[in-house]
Amino acid sequence: MTQPRTTGIGSIPLDGRTAFRVWAPHAEAVSVTGTFNDWSEDAHALEAEDGGYWYGEVEGAGPGDEYKYVITTDGRRFHRVDPRARAVTSSVGNGIIYDRDAFDWQDDSFATPNHNELVIYETHIGSFVAEEGDPGDITTMASRLGYLQSLGVNAIELMPVAEFAGDYSWGYNPAHPFAVESNYGGPDLLKAFVREAHRHGLAVILDVVLNHFGPSDLSLWQFDGTSEGDKGGIYFYQDERSHTPWGETRPDYGREEVRQYCYDNALMWIEEYRMDGLRFDATLYIRTVSGVGTDIPEGWALMRDINTAIRRDLPSKILIAEDLQNDPMLTSLDGAAFNAQWDAAYVHAVRALVTTPDDSARSMESLAGALRTEGDPWDRVIYTESHDEVANGKLRVAHEIDGDNPSGWPAQKRATLAMAITLTSPGIPMLFQGQEFLEDEWFRDTVPLDWDKAEQFRDIVRLARDLIALRRNATGTTAGLTGSHTWLLHVDDQAKTIAWARGLDTDRGMDTVAIVVNASTEPHDVTIGLPHAGRWSVRFNSDASTYSALFGGHTTRHVDAVPTPVHDQSASATVSVGPYTLVVLSPEPA
């Protein structure tokens with residue numbers, strides 16, 4: 001009796017054999033060659049199926065075997081890596097049969113944190129922990145999970161891990177989109193990393209690239225030997241829509257098989273690797289042809305289909321767009337259905353505030369606008385450093401403040417002010433690797449983090465840790481920082497001071513947190529309105545001398561708000577704030 005054909009696409013290990021299915025609609029013949037048949041090109045021919053697919057089963061082939069497809073089109077033979085290979089020997093090597101269900105997740109039952117409680121730490125595996133001349137890998141990254149846990153963040157965002165060309169890369173050039181980078185350690189090591197991160201209380205969010213593939217070492221290019229002109233063949237648009245800033249390799253989202261390929265790729269990271277969220281790279285080039293003007297409707301539909309499926313089945317996951325246009329349709333269920341998007345308007349306003357040399361040029365009105373007191377605060381990710389903002393001609397915040405002395409008083413004070421504003425503003429805050437110990441210069445995938453700075457600036461690290469604890473309400477005194485409601489208390493563009501409040505509810509009760517900022521080089525006494533009278537205790541003062549030997553330790557005392565209305569608030573108090581300093585206060589119970 002003939003056994004029914006297994007479902008699925010790619011290499012599928014079965015009992016004592018492996019099934020292979022591949023899409024090659026213009027092929028005349030397809031076979032599979034590998035270590036299981038001494039690389040014979042003719043020993044195991046596949047049979048044609050409907051829709052341009054080819055299928056076959058090979059006895060004795062199993063996990064660990066290397067293989068390729070041999071595709072014959074117009075009398076020519078092409079050796080191609082399986083587009084859905086979960087593992088490859090290298091970007092120019094062979095596919096590896098991989099049992100995607102064999103990994104032991106042990107007791108992993110991690111629950112992704114609520115979005116309003118997330119503090120994200122963006123990192124790049126190849127440079128996070130590495131030696132000069134030798135890129136880091138998943139094992140070296142895992143060696144610092146304890147550090148990240150003690151820092152207090154509860155989510156790691158990994159820059160892309162799909163197989164890329166060469167040994168060094170940011171990861172935004174996927175040569176084999178379904179395979180985990182071989183130099184990083186491959187699929188099992190990535191799963192083990194996620195499992196261990198979960199044991200450390202850390203969610204894992206992964207960057208995915210669907211706006212283009214490659215362009216280097218791209219086996220998908222003219223996969224079955226056909227193309228229109230010099231375009232990329234069956235996986236790519238064959239007209240002007242193929243063009244992206246990174247090459248002529250935009251996937252053809254309108255073709256059912258390619259659309260399913262992209263959809264399955266995104267879902268794979270959630271379902272097989274138990275990622276807690278995805279961050280889509282440069283969605284502007286999924287949804288438009290050139291970044292401006294002509295929309296790609298099927299690109300919108302692809303993002304919406306992926307996101308609605310995940311939100312329906314796994315609603316705790318976080319889905320983030322890097323679009324940088326602040327288009328509200330990105331987070332609309334009628335648009336792309338992301339939970340949140342990177343907020344470029346925020347980063348530019350806050351970086352400008354702290355990097356401008358002259359106090360008189362700092363705009364508190366711009367900062368007030370960046371706080372965004374209306375709408376859902378959790379539909380945006382806010383940051384002052386990311387891999388894009390500290391590379392390609394742009395610097396780390398401390399280095400941009402003072403390139404001659406990025407560890408001096410101005411750089412320390414204003415860089416920590418930017419970090420403090422981010423961790424107390426409405427939105428999902430994100431730090432970039434090393435920001436918490438004032439890493440300087442700019443991000444390069446070939447230059448590892450200088451971990452000596454973590455010790456040199458251990459007090460700045462403690463400042464970041466204290467801020468993160470407040471942001472997550474670890475002490476039970478700053479619940480308002482996880483709240484959806486924000487309102488301005490004070491803006492003075494002449495004195496360069498500003499204050500705002502955060503709360504869980506509109507009643508502005510005892511969960512309210514007040515944040516006061518002085519963005520000038522001189523201390524200021526700032527009179528602010530507060531929602532109710534009584535004792536407001538200082539929970540954080542970024543000028544505390546315990547955070548740096550260079551800090552002045554300006555005394556900011558607890559205040560007793562009096563029932564004198566100021567700025568539409570029923571009470572008021574005067575808070576003394578040091579130079580380039582942020583202070584957090586919250587009420588004491590009666």
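Arg199 comes out as partly exposed, at 41% relative accessibility; on this scale buried means under 20% relative accessible area, exposed means over 50%, and partly exposed is what lies in between (1.4 Å probe, protein chains only). The model is a predicted one, with local features needing pLDDT of at least 70 and side-chain atom pairs counting only at pLDDT 80 or more, while totals for chains, interfaces and linings use all residues. Residues are numbered from 1 along each chain as its sequence is written, and side-chain values use heavy atoms, with hydrogens and water left out.

The side chain of Arg199 meets that of Asp107 in a salt bridge, at 3.2 Å from N to O; the term asks for a side-chain nitrogen of Lys or Arg within 4 Å of a carboxyl oxygen of Asp or Glu. Asp107 sits in the loop between strand 9 (95–96) and strand 10 (120–123) and Arg199 in helix 4 (residues 187–199), so this contact ties together parts 92 residues apart in sequence. Helices (H or I, at least four residues) and strands (E, at least two) are DSSP runs, numbered from the N terminus. Asp107 itself is exposed, with a relative accessible area of 57%.

By the same rule, the count comes to 41 salt bridges. Another of them pairs Glu57 with Arg17, with the closest N and O atoms 2.7 Å apart. Here, too, distant parts of the chain are linked: Glu57 belongs to strand 5 (residues 53–59) and Arg17 to strand 2 (residues 17–23), 40 residues apart. Glu57 is partly exposed at 31% relative accessible area, whereas Arg17 counts as buried at 13%.

Then there is Asp276 with Lys317, whose side chains meet at 3.9 Å, N to O. Asp276 lies in the loop between helix 5 (256–271) and strand 15 (277–280), and Lys317 in the loop between helix 7 (297–313) and strand 16 (318–321), which puts the partners 41 residues apart. Both Asp276 and Lys317 are buried. Beyond the pairs, a network of salt bridges links Glu157, Asp207, Arg279, Asp281 and Glu322.

Some acidic residues group up in another way: Glu131, Glu132, Asp134 and Asp167 form a negative surface patch. Patches take residues with over 30% relative accessible area and no salt bridge, joining like charges within 9 Å and nonpolar side chains (Val, Leu, Ile, Met, Phe, Trp, Tyr) within 5 Å. Asp134 is found in the loop between helix 1 (125–128) and helix 2 (138–142), and at 47% relative accessibility it counts as partly exposed.

Note on methods
Areas by Shrake-Rupley, 256 points an atom, 1.4 Å probe, with all protein chains shown as cover. Lys, Arg positive; Asp, Glu negative; His and termini not counted. Charge placed at Lys NZ, Arg CZ, Asp CG, Glu CD.
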